[in-house]
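Hi everyone, thanks for coming. Let's take a few minutes with this structure and walk through what holds its parts together.

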Amino acid sequence: MMTTHPQRVLVVTGAARGLGLEWVRQLTQDPSNFVIAVVRDPSKATQLIPLLGPNVVAVKGELGDFDSFPAVAEEISKVGGGRVDVLINNAGIMAGAGASYSDGISHSTPQEWDEQFRINVTAQVFFTLALLPLLEKGKEKKVVNIASMLGDVNHSEDNPQVQFASYSVTKAGITMANLKFHNEFKERRFTFLALNPGWVNTDIAGEGMGAYAPLQPEESIRRCLSFVNRATTAESGKFWSLDGLKEAVTQ
C-alpha cells in the first residue's frame, strides 16, 4: 500500500514484460507517480520484481477471468487509496495466423479469433468498466487503450502484404470500443485514447519479426508517454500514434 499521497495513481495491465514493463519502468522515473502493475502471477514476473518498491506494486490479475475483475478492482482501490488517475490497457496477445506476417485470413482458426478477442477487446472493455468508479474519483479520468496501425483500414489498404489478420481485427475492435466509451462518458470529462505504439521490437511484434521492428520499447513508450501526459478531453475518442500523430505509422 502506498505510504504517501502521490499526485498520480496509474494502473498498467500486462506489465510483466514487453511494452507493459517499459510503461512501468518509465513511469517510475517520476516520484510523484504511484504505479500499480497488473500481472497474471506477481511471483513469476521476474523482470518486474526489481522495479517494485514504495511507488510500484504488483497486483494479481488474470484478464481472461472476467468474473475476477471486481476483486481485482477492490485490490487496486485498496493499494491505490481509492482512486485511479490513469488506466493503461496494455495487455494483449497474438495467436495463430494472427501472429503471421505472411499467412492470410484463410489460414486462421476460430480458436485464435476467440482467444485474441477475449484478451484484446472484451477484457479491456470490462476491465475498464470495473475500474470506472475509481477513475471517476481520479484527477485525470484518463484511459489509454493500446491500439495498432494493424487495426487501421488505410494502413492495411496501403500495405496489403502485411497479414496478422485476426490480430488486426481485434485492434480495429478496440479502437471502435474506445470511441464508444468516449461517446458514452464524454459528459463526465473522461479521456479515452486509442494509442498505437508503432512497430516495436517485443515478443508481440509477430512471429520472427521483432528484429525487423524499427522501434525499441524505450523510444516507443517515451513518445507515447509524452502524448498521454499532455492529452486532454479534446483528444478523447480518437486514434493516435506515438507522440500524438494522427496517422497510423510504424515509427
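**Salt bridges and cores**

Searching the whole structure turns up 10 salt bridges. Keep in mind that this is a predicted model.

Let's begin with Arg 25 and Glu 218, whose side chains meet in a salt bridge at 3.9 Å, N to O. Arg 25 sits in helix α1 and Glu 218 in helix α6, so this pair ties together parts 193 residues apart in sequence. Arg 25 is partly exposed, at 28% relative accessibility.

Is Arg 223 buried or exposed? At 14% relative accessibility, Arg 223 counts as buried, while Glu 219 at 32% is partly exposed, and so is Asp 243, at 27%.

Other buried residues of α6 include Ile 221, Cys 224, Leu 225 and Phe 227. Among the elements covering the buried residues of α6 are α1, β6 and β7.

Now the nonpolar side. The largest nonpolar core has 41 residues, and Leu 131 is one of those touching the most other members. Helix α3 gives the largest share of this core, 7 residues. Leu 131 has contacts to Val 11, Ala 73, Ile 76 and Leu 87, leaving aside residues up to four places away in sequence. There is also a second, separate core of 31 residues, and Cys 224 is one of its members.

Notes
Residues are numbered from 1 along each chain as its sequence is written. This is a predicted model: local features need pLDDT of at least 70, side-chain atom pairs count only at pLDDT 80 or more; totals for chains, interfaces and linings use all residues. Side-chain values use heavy atoms; hydrogens and water are left out. A nonpolar core is a set of buried Ala, Val, Leu, Ile, Met, Phe, Trp, Tyr and Cys residues joined through side-chain atoms within 4.5 Å. Buried means under 20% relative accessible area, exposed over 50%, partly exposed in between (1.4 Å probe, protein chains only). Helices (H or I, at least four residues) and strands (E, at least two) are DSSP runs, numbered from the N terminus. Contact means heavy atoms within 4.5 Å. A salt bridge is a side-chain nitrogen of Lys or Arg within 4 Å of a carboxyl oxygen of Asp or Glu.
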